[in-house]
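Dear colleague,

Please find the structure below. My notes on what was found in it follow directly after.

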Amino acid sequence: GVDFPNDEDIKNWVRPLSERYIFHGARIYDLKGQHHSIEILRGLRDKGFDDLKLVFAGCVSNQAYCRHLLELVEEYELEDQVTFVGSIPQEEMQLWHHFAEATIFYSPLYNKGNSFLEALASRALLVVPDGDQSVSCY
């Protein structure tokens, strides 16, 4: 099911990072589109937003894709801005969504699962692919 926090819950939440960050919470797998998040961060950095971090949370399901992501980070010189935190307990996910400058959902297949709805419930600003019909009703 989807957990919907109330105002009292949110008021008591503690920010997980002191820095400003963009959040992409999904297992590290090519169909989850983490490479798009790196491209977004690169574009933001090139526009002067060099104080933003990009936080990836999730287990690695595809080692080759994870290596590709690390290569992109190095190629774009984003090592100081990208962090892989691994798996986060489910009860902490809404904190990460809520305090992020934006949460990215970039799967080319489907972006309307429970994690998407929980991010919405935590009052996160969501970034999805342009033209994603699965979320057009939100």
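Which residues do ring pairs link into a cluster? The cluster consists of Y21, F23 and W96. Rings of Phe, Tyr and Trp (its six-membered ring) are paired if their centres lie within 6.5 Å, with planes under 30 degrees apart counted as stacked, over 60 as edge-to-face and the rest as tilted.

Before the details, a word on the source. This is a predicted model, in which local features need pLDDT of at least 70 and side-chain atom pairs count only at pLDDT 80 or more, while totals for chains, interfaces and linings use all residues. Residues are numbered from 1 along each chain as its sequence is written, and side-chain values use heavy atoms, with hydrogens and water left out.

Overall architecture

The protein chain has 5 helices and 5 strands; these are DSSP runs numbered from the N terminus (helices H or I, at least four residues; strands E, at least two). Along the sequence they follow the pattern α-β-α-β-α-β-α-β-α-β. Of the 138 residues in the protein chain, 40% are buried, where buried means under 20% relative accessible area, exposed over 50% and partly exposed in between (1.4 Å probe, protein chains only). Among contacts (heavy atoms within 4.5 Å) in the protein chain between residues at least 6 apart in sequence, 73% join residues at least 24 apart.

Nonpolar cores

A nonpolar core is a set of buried Ala, Val, Leu, Ile, Met, Phe, Trp, Tyr and Cys residues joined through side-chain atoms within 4.5 Å. The largest one has 16 residues, and I38, L41, L54, L78 and V82 have the most contacts inside it. At least two residues of this core come from each of α2 (34-46), β2 (53-57) and α3 (63-75), and α3 gives the most, with 5 residues. Apart from this core lies another, of 12 residues, including W13, F23, L95 and F99. Not counting residues up to four places away in sequence, V82 touches L41, L54, F56 and V73.

Helices α2 and α3 pack with their axes 10 Å apart, at an angle of about 5 degrees; axes are lines fitted to C-alpha atoms, for helices over the stretch in contact, and angles run from 0 to 180 degrees between N-to-C directions. Q34, H35, I38 and E39 of α2 meet Y65, L69, L72 and V73 of α3.

Aromatic residues and charges

The structure holds 3 aromatic pairs. One of them, Y21 with W96, is edge-to-face, at 5.7 Å centre to centre and 65 degrees between the planes. This pair links distant parts of the chain, since Y21 lies in strand β1 (residues 21-25) and W96 in helix α4 (residues 90-99), 75 residues apart. Both Y21 and W96 are buried.

A charge sits over a ring if NZ of Lys or CZ of Arg is within 6 Å of the ring centre and within 35 degrees of the ring normal. R27 has its charged end over the ring of Y29, 4.4 Å from the centre, and R42 lies over the face of Y76, at 4.0 Å from the ring centre.

In helix α5 (residues 114-121), the buried residues are F116, E118, A119 and A121, and they pack against α4 and β5 (126-127). S122 is found in the loop between α5 and β5 and is buried, with a relative accessible area of 0%. Leaving aside neighbours within four places in sequence, S122 is in contact with P5, W13, Q94, H97 and H98.

Yours sincerely
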